[in-house]
Amino acid sequence: MNYTVVGGGAIGGTIAFHLARGGHRVRLVDADAAHVAAVRERGLVLRRAGGDDRAEVDAATPEDETGPLTKVLLCVKAQATATAAAWIAPRLAPGGYVVSVQNGLNEPLIAEHIGRERVIGAFVNLFADVVEPGVIRDGGPGAFVIGELDGSASPRVDHLVADLAPLGAKATGNVLGHLWSKLGFGAMLTATALADAPMADLIDRHRPLMHALVAEVFAVAGRLGLRLEPFDAFEPAAYLPEAPERVREEATDRLTAWLRTQPKDRSGIWRDIAVRHRPVEVHDHYRAVLAEAEAGQVDTPLLRGVLARLADVEAGRAPMGEEHLAALEDA
């Protein structure tokens, strides 16, 4: 196989579909036996507003895949990273590598299992959902960048970008700048998962809270000396402390207008709680952020408050509702 996509959910399934359509040999490895069976039987389906498209994709459960693996796109949820990396390690061929196509900061954890030189970073902002076994609903295009962890140019990144061109992939020398920008944007999306309403509407109605959440994350990034990168309609420079309030408001106008053009109007975090009834991954995303904040004595009360309330909602200790956002604003 040219590519092995480990984790066939929204991101992994979308990528596997486009690779297969581009003529690449790709195997999808997923722990969901029903999802794997559906892909084997009917192909991988990408559902759009205009109808379904289908691609023939080889699929396997982890028990069925023995390797060797060469080009691995790791697309599992953040909390499954350690287990997946441990599974990949003995199967990875000499010269093989793993691309972390995930949310969060998972590259160091993957490197513990296979070595830092075999890990490539990636930032992805695709909008998609698994709606039934073997079926991915396309929620609109989003940014996709790939880069070496040390910022250098490399032939393997160039090859990846070329193969993933149908998804708009681009090379970057600053993948960490993209990942931390997404963590700022993601803090807003995490807060919207506390209520059952479109993301754009909630961000619009609770701008002071949303702006303050992004500022907390970016204060940590600033301590680390990172250069934050813009993507899609998100402009990180507008949320830095020195940015004028007018610039911030105008940036949020553009962001919410763009979000309203997307077919997917609620976050994957919301969907994990309200539809799939499974643990969310954002606690893993922000664990590293909170650790860096503590080390640098950066206050993050709102981020901690959002995560605490989200834990209560996903555990059933509190109902989902917009009153969470109002209470955070009051605090």
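Where does P166 lie? P166 lies in the loop between α5 (155-163) and β12. The views below are close-ups of a predicted model.

**View 1. P166 is an exposed loop residue****.** The relative accessibility of P166 is 53%. Exposed means over 50%, so P166 falls in that class. E216 is 50 residues from P166 along the chain. The C-alpha atoms of P166 and E216 are separated by 35 Å.

**View 2. Eight strands form an open sheet****.** Their order is β5-β2-β1-β6-β7-β8-β11-β12, and the pairing is mixed. At the edges stand β5 (58-60) and β12 (170-171). Each has a single partner strand, so one side of each lacks a neighbour in the sheet. Helix α3 (residues 81-88) lies across β1, β2, β6 (69-74) and β7 (92-100). The angle between α3 and β6 is about 175 degrees. Helix α6 also packs on the sheet, where it touches β8 (119-124) and β11 (144-148). The directions of α6 and β8 make about 40 degrees.

**View 3. Strand β1 is covered on both faces****.** In a regular strand, side chains alternate between the two faces of the sheet. Y3 and V5 are on one side of β1, with T4 and V6 on the other. All of these residues are buried. Strand β1 (residues 3-6) pairs with strand β2 (residues 26-29) in the parallel sense, over four bridges. V5 stands opposite L28 in β2. Y3 has V26 of β2 as its bridge partner. Y3 also meets a charge: K71 lies over the face of its ring, 4.3 Å from the ring centre.

**View 4. Four strands form another open sheet****.** The order here is β4-β3-β10-β9, with mixed pairing. β4 (51-55) and β9 (128-132) are the edge strands. Each has a single partner strand, so one side of each is left without a neighbour. From one strand to the next, the twist averages 30 degrees. Strands β3 (residues 44-48) and β10 (residues 135-138) run parallel and are joined by three bridges. V45 has V135 in β10 as its bridge partner. Helix α1 (residues 10-21) lies across β3, β4, β9 and β10, at about 105 degrees to β3.

**View 5. The largest nonpolar core has 58 residues****.** Nonpolar side chains tend to be buried together in soluble globular proteins. The residues with the most contacts inside this core are L213, F234, L255, L259, Y286 and L303. Among the elements that give two or more residues to the core are α6 (175-192), α8 (207-223), α9 (245-259) and α12 (301-314). The largest share, nine residues, comes from α6. Another core of 37 residues lies apart from this one, and includes I15, L19, V57 and V161. L255 touches F185, M188, A233, F234 and Y239, leaving aside residues up to four places away in sequence.

**View 6. Aromatic rings link into a cluster****.** Its members are F123, F185, F218, F231, F234 and Y239. The model has seven aromatic pairs. In one of them, F234 and Y239 have ring centres 5.4 Å apart and planes at 15 degrees, so the pair is stacked. Both F234 and Y239 are buried.

**View 7. R266 lies over the face of W270****.** The distance to the ring centre is 5.4 Å.

Key. Residues are numbered from 1 along each chain as its sequence is written. This is a predicted model: local features need pLDDT of at least 70, side-chain atom pairs count only at pLDDT 80 or more; totals for chains, interfaces and linings use all residues. Side-chain values use heavy atoms; hydrogens and water are left out. A nonpolar core is a set of buried Ala, Val, Leu, Ile, Met, Phe, Trp, Tyr and Cys residues joined through side-chain atoms within 4.5 Å. Buried means under 20% relative accessible area, exposed over 50%, partly exposed in between (1.4 Å probe, protein chains only). Contact means heavy atoms within 4.5 Å. Two strands pair if DSSP finds at least two bridges between them. Axes are lines fitted to C-alpha atoms, for helices over the stretch in contact, and angles run from 0 to 180 degrees between N-to-C directions. Rings of Phe, Tyr and Trp (its six-membered ring) pair if their centres lie within 6.5 Å; planes under 30 degrees apart count as stacked, over 60 as edge-to-face and the rest as tilted. A charge sits over a ring if NZ of Lys or CZ of Arg is within 6 Å of the ring centre and within 35 degrees of the ring normal.
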